[in-house]
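Thanks for opening this one with me.

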Amino acid sequence: MKENSTANVLFWQGNEACAEAAIAAGCRFFAGYPITPSSEIAEHLAKRLPQLGGITIQMEDELASIGAIVGASWAGAKSMTATSGPGFSLMQEGIGYAFMTETPCVIVDVQRAGPSTGQATKCGQGDVMQSRWGTHGDYSAIVLSPNSVQELFTLTIRAFNLAEKYRTPVILLADEITAHMREQVILPPLGTLEIVNRKKPKAGDKAFFGLEEVPPMPCVGEDLNVVVTGSTHDEYGIRVTADPVIHRRLVERLNNKIQGHVDEIADYESYNVEDCQVGIVSYGCTSRSTYEAAESAQKKGVKTGFIRLRTLWPFPVKIIKRMAETAETIIVPEMNLKQLFYEVERAAEGKSRVTPLNKIGGGELLTPEELLTKILEVKNRHD
Amino acid sequence: MTEAFSAQKYLRNIKPPFCAGCGAYTVSNTFLRAVHELGYENLSKFVFCSGIGCSAWIPSPHFIADSVHTLHGRSIPVATGIKLVRPDVNVVVFGGDGDIVGIGLGHFIHAARRNLDILTIMVNNMVYGMTGGQVAPTTPFKTKTTTTPYGSFEYPLDAAKLAVTAGACYVARWTTIHVNEFKESIKKALEMKGFRFIEVISQCPTAFGRRAGFKDAGEMLKWFKENAVSIEQAEKMSDQEASQKIVVGEYPRKMRPTLVETVYNTMKEAQEAED
């Protein structure tokens with residue numbers, strides 16, 4: 001470990017950075033089930049959490065893992081689980097329960113190539129739509145997409161902060177490439193990290209499930225007679241399953257507390273958005289090729305800009321709209337068969353031609369050369 | 001005891017969802033009586049967890065207490081998270097047979113294996129009652145249900161024996177006519193640590209009894225009474241004969257360190273290794 005006066009510079013694996021970030025964010029309970037390529041998160045936390053008075057437990061499956069972190073959260077702990085596609089599928093019921101009961105927790109999905117068991121050790125970005133729509137019913141997801149080991153650190157902390165602030169499950173949608181890569185991480189001095197903690201009830205508060213957009217969250221075991229249910233409930237947590245008004249009010253509030261704060265939750269890096277002929281919208285590992293491709297294209301005289309999404313959901317429509325005002329074409333490179341593509345196309349409202357660039361299988365990243373070839377191809381079409 | 005027992009003291013004024021003659025009334029009442037006899041003035045030292053099904057409504061939202069009404073089959077995993085983070089609270093799971101040993105069977109076995117410090121009360125009505133009377137993993141062989149119109153062609157699971165095998169420290173089975181024995185079991189179990197499991201065979205006249213050939217709840221209770229045999233008696237019977245009976249009683253206790261103890265000891269060891 002090398003130190004300088006302001007920061008620690010470390011050489012970490014992505015999964016290790018995620019685990020350490022969870023600790024820095026205040027996570028003290030982890031439950032998980034082994035699955036490639038996420039297992040290093042559980043292994044690292046199994047060693048580290050007990051040293052800090054925390055708990056890591058390996059459950060019998062992913063259904064139990066998410067159940068345990070929901071229980072831990074209601075007992076007052078910041079909690080997390082980590083998995084990959086097949087396990088993420090099993091966790092969907094628990095994600096819906098966490099959303100409906102307004103339980104802050106973090107679910108890490110280190111994506112691999114699916115469907116089904118697919119290519120267990122190879123990278124993919126095929127869970128983008130599942131991360132948004134995986135569980136049943138009307139809900140909204142917060143999904144973050146890191147593209148480096150550094151961001152596995154910073155976005156894991158952000159995932160906890162958003163979960164605590166909005167009292168909702170947050171999904172960190174990582175991928176095999178960034179999670180297994182080793183890279184430099186610059187740790188900010190620990191005291192400078194912004195850590196958000198859930199709002200606790202004041203004396204006399206009873207409406208733990210309503211009245212305010214994000215109600216205060218009590219713990220069990222505090223003598224507050226907390227009633228938690230995944231069924232439709234009133235602001236006191238009492239189940240009311242036949243009243244259309246109560247259902248509407250609850251489900252609309254749960255969605256609005258996320259959809260009403262898109263600007264605050266949306267996070268992206270952008271370059272030359274206001275003056276580009278060709279735009280690129282990318283995220284996760286795929287976005288790592290964007291910088292070099294954009295630079296090479298610029299050198300060849302193509303005005304190129306990019307948006308690199310760190311928040312996938314709620315979808316940051318505004319910045320895409322801005323790009324569509326100038327870009328003739330927007331390229332959406334993905335390691336799946338067009339998942340975020342349609343969302344970009346919808347946001348562009350026909351002002352730009354939106355074109356996909358997809359690559360699946362074998363875990364091979366889209367290279368800067370492949371992206372550059374695409375940029376030049378669409379540019380030639382303009383000319 | 002200074003005060004006479006009143007279940008109302010522990011209950012919210014919300015109409016229960018149970019049918020007339022349902023065994024859940026007996027289970028709820030017996031549990032609260034046990035709590036009263038142990039001297040608890042209220043339920044503030046308890047956290048109740050339940051899943052989905054009629055029995056899950058026994059604590060939630062009726063008990064004036066913390067209650068977490070979880071997904072179908074997942075009460076035990078949620079209870080695991082609660083108990084490990086808050087070892088000081090008394091976590092009690094209520095669930096039906098479908099919830100605990102149907103969809104939630106894996107969690108049940110693993111919680112017993114881990115010796116997780118919770119009391120699980122499984123109300124076994126031998127059927128999926130809330131959904132209208134479908135066959136359950138506990139339905140007796142040849143019994144007619146809505147999904148076994150010709151009689152069940154499967155053999156039922158012995159949940160209590162399974163709990164013993166998996167490592168539970170305290171296991172008992174009673175029926176809703178064994179109110180006193182059931183109450184004493186609850187009291188014993190609440191005073192212990194580790195994984196405690198009480199199965200209570202309960203009547204569902206609406207979704208089970210009427211298709212299985214019982215006229216009413218009373219007839220079902222009579223069936224419990226006439227067919228209940230002790231564990232010792234059952235051991236002397238052939239498997240065929242015992243399978244026709246309802247085996248009741250307490251199984252031998254198995255004392256060993258509990259999950260809370262092993263988790264927190266490991267924490268201590270990790271911290272000492274660190275120093």
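1. A word on terms before the sheets: two strands are taken to pair if DSSP finds at least two bridges between them. With that in hand, start with the sheet of five strands in chain A, an open one whose order is β11-β13-β12-β15-β16, with mixed pairing. Its edges are β11 (268-271) and β16 (353-358) of chain A; each has a single partner strand, so one side of each is left without a neighbour in the sheet. On average, neighbouring strands here are turned by 15° against each other, direction ignored. Please keep in mind throughout that this is a predicted model.

2. Strand β15 (residues 329-334) of chain A runs parallel to β16(A), and six bridges join the two. For a landmark, find I330(A), which stands opposite V354(A) in β16(A).

3. Which helices pack on this sheet? One is α10 (residues 290-299) of chain A, which touches β11, β12 (278-283) and β13 (304-309) of chain A and makes about 170° with the direction of β13(A). Another is α13 (residues 368-382) of chain A, in touch with β12, β13, β15 and β16 of chain A; its direction makes about 155° with that of β15(A).

4. Chain A also holds an open sheet of seven strands, again with mixed pairing, in the order β4-β3-β5-β6-β8-β7-β14. Here β4 (55-58) and β14 (311-313) of chain A are the edge strands, each with a single partner strand, so one side of each is left without a neighbour in the sheet. From one strand to the next, the twist averages 20°. At the β4(A) end, strand β3 (residues 27-32) of chain A pairs with β4(A) in the parallel sense over four bridges. There you will find F30(A) opposite T56(A) in β4(A).

5. Helix α1 (residues 14-25) of chain A lies across β3, β5 (78-83), β6 (105-111) and β8 (169-175) of chain A, at about 135° to β3(A). Helix α3 (residues 62-74) of chain A lies across β3, β4, β5 and β6 of chain A, and runs at about 165° to β5(A).

6. How does α1(A) pack with helix α6 (residues 149-166) of chain A, and at what angle? Their axes are 8 Å apart and the angle is about 30°, and the crossing is right-handed. On the α1(A) side the contact is made by G14(A), A17(A), C18(A), E20(A), A21(A), A22(A), A24(A) and A25(A). From α6(A) come V149(A), L152(A), F153(A), T156(A), I157(A) and F160(A). By class, this contact has eleven nonpolar, two polar and one charged residues.

7. On the domains: chain A is divided into domain 1 (2-192) and domain 2 (269-382), and their centres, taken over C-alpha atoms, are separated by 27 Å. Between them, 25 residues of domain 1 are in contact with 23 residues of domain 2. On the domain 1 side, α5 (128-133), β7 (142-144), α6, β8 and α7 (176-180) of chain A each supply at least two residues. Of these, α5(A) gives the most, with four residues. The residues of that side divide into eleven nonpolar, nine polar and five charged.

8. Between the chains, the contact takes 37 residues from chain A and 32 residues from chain B. On the chain B side, β2 (66-69), α2 (75-85), α4 (105-114) and α11 (259-274) of chain B each supply at least two residues, and the largest share, eight residues, comes from α2(B). By class, the chain B side has 16 nonpolar, twelve polar and four charged residues.

9. Do look for the strand pairing across the two chains. Strand β10 (residues 227-229) of chain A and β2(B) pair in the parallel sense over three bridges. Within this pairing, V228(A) has V68(B) as its bridge partner in β2(B).

10. Finally, the scores. The model has an ipTM of 0.97 and a pTM of 0.97. Chain B averages a pLDDT of 96, and 99% of its residues score at least 70.

Notes
Residues are numbered from 1 along each chain as its sequence is written. Chains are lettered from A and ligands numbered from 1 in the order in which they are written. This is a predicted model: local features need pLDDT of at least 70, side-chain atom pairs count only at pLDDT 80 or more; totals for chains, interfaces and linings use all residues. Axes are lines fitted to C-alpha atoms, for helices over the stretch in contact, and angles run from 0 to 180 degrees between N-to-C directions. Two residues are in contact if their C-beta atoms, placed from the backbone, lie within 7 Å. A crossing is left-handed if the near helix is turned anticlockwise from the far one by less than a right angle, and right-handed if clockwise. Ala, Val, Leu, Ile, Met, Phe, Trp, Tyr, Cys and Pro count as nonpolar, Asp, Glu, Lys and Arg as charged, and the others, Gly among them, as polar. Domain bounds come from an automatic or database domain assignment. pLDDT is the predictor's confidence in each residue, from 0 to 100.
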